[in-house]
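Okay, thanks for making time, everyone.

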Amino acid sequence: MNAIVVNNLTKTFGSFMAVDHISFHVTKGEVFGFLGANGAGKTTAMRMLCGLLKPSSGEGRVAGFNIDTESEEIKKHIGYMSQKFSLYNNLTIRENIRFYGGLYDIPKKELKQKTDELVEQLGLTSYTDKLVQSLPLGWKQKLAFSVAIQHSPEIVFLDEPTGGVDPITRRQFWDMIYETAHNGLTVFVTTHYMDEAEYCHRVSIMVDGKIAALDTPNELKKIFETENMDGVFRKLARRAKRNE
Amino acid sequence: MKKLLIIVQKEFAQIFRQPTILRMIIMMPILQLILIPLAANYEIKNINIQILDFDHSTYSTALIHKLDASPYFKLVGLPDHPTIASHRVEQNKADITLTIPIRFEQDLIRDSKATVSIEADAVNGQKASLGVAYASQIIGSFNNEIREKWIQMPRLVEFPQIEVRSSMWYNPFIKYPLFMVPGILALLVTMVGGLMSALNIVSEKEIGTIEQLNVSPIKKYQFLLGKLIPFWVLGIVSISLGLIVARIIFGIVPAGSYLTIYFFSAIYLIGALGVGLLLSTLADTQMQVTLISFFIIMFFVLMGGLYTPIDSMPDWAQKLASFNPVSYFIRVMRFIVIKGSGIHDLLPELKAMILFGIVLNVLAVWNYRKRTV
Amino acid sequence: MVIKEFKHVLRDQRSLFFLLAQPVMMILLFGFALSNEVKETKIIVVDHARDEISKTLINRFEQNVYFRIIDIVPDESMADDIFKKGLAKLIIVIPANIADDIKHQYKSIVQLIADASDPNTAAIVSTYAGAVFRDYQNELLGLVKMPYEIKVEQRMLYNPQLISAYNFVPGVLTLIMMILGAMMTSVAIVREKELGTMEVLLASPIHPLQIVLSKAVPYLALAFITEIIILILSVFVLNVPIRGSLFLLLAESILFISTTLALGLLISSSTNQQQVAMFISLVGLMLPSLIFSGFMFPIENMPLPLKTISNIVPTKWYYNIVRAIMVKGLGIESIWKETLILATMTLVLTGIAIKKFKVHLE
């Protein structure tokens, strides 16, 4: 059962082809890393899958729905964490949870219970009624992730979720991701931290709008004869024409 | 419906936590309403007049006194020399120069005819015309006094006279604030509706939370309505504040009913908010929104008859003004506050405003995309 | 660094467009659409007399370009209704038997009911209407030569055709300089602070003053270019000439732009949020600048406290300077006082701004 299937997906802006006929699939429960340099096209691709951007050509299915014609339906089944911040800084934790829960049609009674659970899980119970802006960045990220999946979506899309966060918190964050993936959630994450690629089940690397490599981290390291994903990336990047 | 409620709740929570918005909603009406009507006194009085009297006769002195006594003029000098007079005008110390030539009294009595000349600083054309008109009027009246002295009484009676009596309705004491305030109230509501709502949506764009909303199953109209309602409320609050300030500071009590004012404001706000929503789809940063809405507001307000009357515009401009929602609202506000017009008096305007509200909002909703193309 | 800032500014095309479009739009509007001219005012005549004199009078009004008779009604009871609906601005009531009264009593009283909600228009329209009656009256008297006549010759200085453009071009210039200099610069600086990149810059070896100046320079250039565009428009599209020295005008403008930049700097050191900077610029700076410059409302009519305030507002001085040079064609001898005041203001403001900025950084 594939959570995501993409076939020859393309996006052009005028004469510029940001995403160039990419094809891949993501299986259910997989943690899929979508890597690439800035400008390689990964954010553009992801936005098409989420229904934020209309594809120019090609096809894709997310949670079984067509990304071109059924994008609004898809939105009911996915979660999303944007690169720029996704929680409202001047609302409290409780208010944020309640707001986003309501957006996804979580009934009020359930919401109350979920809020308490979620907050407890993160150890933020004493902060529940404090403004989000008072939290340190690492907690905000974790909170944002929890909020993104509170409506039990099938797939969650994470766009550079660990930007600006210290390594320890990043590790904790990935623990959270694993746990949810273990429970059946498919995770589609973009990142430019190559070490995080190691945490994924499979990884694809985009270069100049195309998928230049797609496999498990270990396989890739073997193929490119490097010790870490960083090395893999460097070898591919050297071939890249588009630099930021 | 439930989703709508949630969004409105969130919006209000955010608004109350943002001191800037609150400050604007409160400060703007107060500042604008206080400063502008006080400053905007178009009444041309205290025009600075200087008189070059080369005659130094009884008549010339009498004329000088008459002009000095007039409330329209302030006598700033009796220079001896034309050069001094010109300098004064250059330095903005005198607006009008009246020259009474030598032998003025003599010429008038002997030849039954004399000439005086007025020079006006016409950089401000209106002030100059009015100044010259007033001066001419006073000189004319002075002229009549002289005539009456020289012409025997019985003959006077045989001159046919048409006496014109004017009554000024609705503003008999010619209070300029009464005229300015409704227009400013209209401006206020326009700014809250057009600018602030747009700023708010665009700031969500800038921060990035709008993406989060676009990726959720929320429907377009729910999101937009959710934004519209709080700012609609704010608009009503704004105008209430404005009316209170107008009452306290200027003693302005609307001749019409407050209900009528609120009724039209409510409808107009919907249109103004539509513009704000539309704006927000055209801009990406708060700076852009501010500049664009400043441009739009300035255009529509000037063309709406706030500063100069619509009736004075050339025909093509008047036609344009009929497509301008602001012109209807300014007109409606003025009519209700100053003349006491009721809804039944303003049916054509009402129809136009409702139409604008519908069209603008439909446009805004249609133009908003959750998914970029 | 300056080049980077230039690129920054140029990249935001939408902002640039509306920035430049603003003065262009205002000038075109003021030049072609806005006016205080009274013409074709809608009036209603109540004719109680229906005799030859009333018919003549009505004819006079019909021929008169200032008026447009939209209806002739039998009585004035509907006056309130007419005004409330905005159908007419003036109602002229001609009494019954006006012909008889004039022939035999030598006197008749005509009534004007004016909608004084717009006092200016009401006054002008009433005066014009009164003039029609007076002219008619003088015609009746025409057979008798008017003795003891004082003739008034009039001459309009600087602006013989009474074009209001002479008034508002300097006004628009002032407004735009203020927006560009103060608002844009302050927001640009504050945006850097909001994004956090300001700290990065401050940590670098570049002197803070340089950082700030590099932000200001593009806007200075922009302001200058905008000014030139406005002047070109005025001269060629509106036929408003620059009677004085162009060089002097531009020099004074650079002085004023510096004033606005100092103000912008002052604003930027007061806050870390863009929205607040914009708010202060708009409401705290621009509104008073507009009101107290003398451009939109005559300063001499203002109550004393407001008049005093206007002396502190730089726009008032700049506006006078521009008017003096553009419209009156005066030279430095006439405006040295204003220039000195403006220069002093600039120095003081810059001083305060720099001090505040330094304190702010620590």
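One definition before I start: I'm calling a residue buried if 20 or more other C-beta atoms lie within 10 Å of its own, with the C-beta atoms placed from the backbone. And keep in mind that this is a predicted model.

So, chain C. With that cut-off, 42% of its 362 residues count as buried. The chain has 14 helices and five strands. Its radius of gyration comes out at 28 Å, while the globule rule gives 21 Å for 362 residues; that is well over the rule, so chain C is more spread out than a compact globule. You can see it in the extents too: the C-alpha trace spans about 95 × 45 × 40 Å along the principal axes. As for contacts in chain C with a separation of 6 or more, 77% of them come from residues 24 or more positions apart.

Now the sheet, which is the bit I like. Which strands make it up, and in what order? It's an open sheet of five, running S5(B)-S4(C)-S3(C)-S1(C)-S2(C), with mixed pairing. At the edges, pairing on one side only, sit strand S5 (161-169) of chain B and strand S2 (67-73) of chain C. Ignoring direction, neighbouring strands are turned by 25° against each other on average.

Let's zoom in on where the two chains meet in that sheet. S5(B) runs parallel to strand S4 (residues 107-115) of chain C, and nine bridges join them. If you want to click on some pairs, B:Arg165 stands opposite C:Gln111, and B:Ser167 has C:Ile113 as its bridge partner.

Helix H3 (residues 52-63) touches S1 (41-47), S2 and S3 (90-94) of chain C, and its direction makes about 175° with that of S1(C). Helix H5 (residues 98-105) touches S3 and S4 of chain C, at about 135° to the direction of S4(C).

Last stop, the whole contact between B and C. How many residues does each chain put in? Chain B supplies 94 and chain C supplies 86. On the chain B side, the elements giving two or more residues include H2 (19-39), H8 (176-207) and our friend S5. H6(B) gives the most, with twelve residues. By type, that side of chain B divides into 52 nonpolar, 25 polar and 17 charged residues.

That's me done; over to you for questions.

Technical notes. Residues numbered from 1 in each chain as written. Chains lettered and ligands numbered in written order. Predicted model: local features only at pLDDT ≥ 70, side-chain atom pairs only at ≥ 80, totals over all residues. Pairing = 2+ DSSP bridges. Helix = DSSP H or I, 4+ residues; strand = E, 2+ residues; numbered from the N terminus. Axes fitted to C-alpha atoms, helices over the stretch in contact; angles between N-to-C directions. Contact = placed C-beta atoms within 7 Å. Rg over C-alpha atoms; globule rule 2.2 N^0.38 Å. Buried ≥ 20, exposed ≤ 12 C-beta atoms within 10 Å, placed from the backbone. Nonpolar A, V, L, I, M, F, W, Y, C, P; charged D, E, K, R; others polar.
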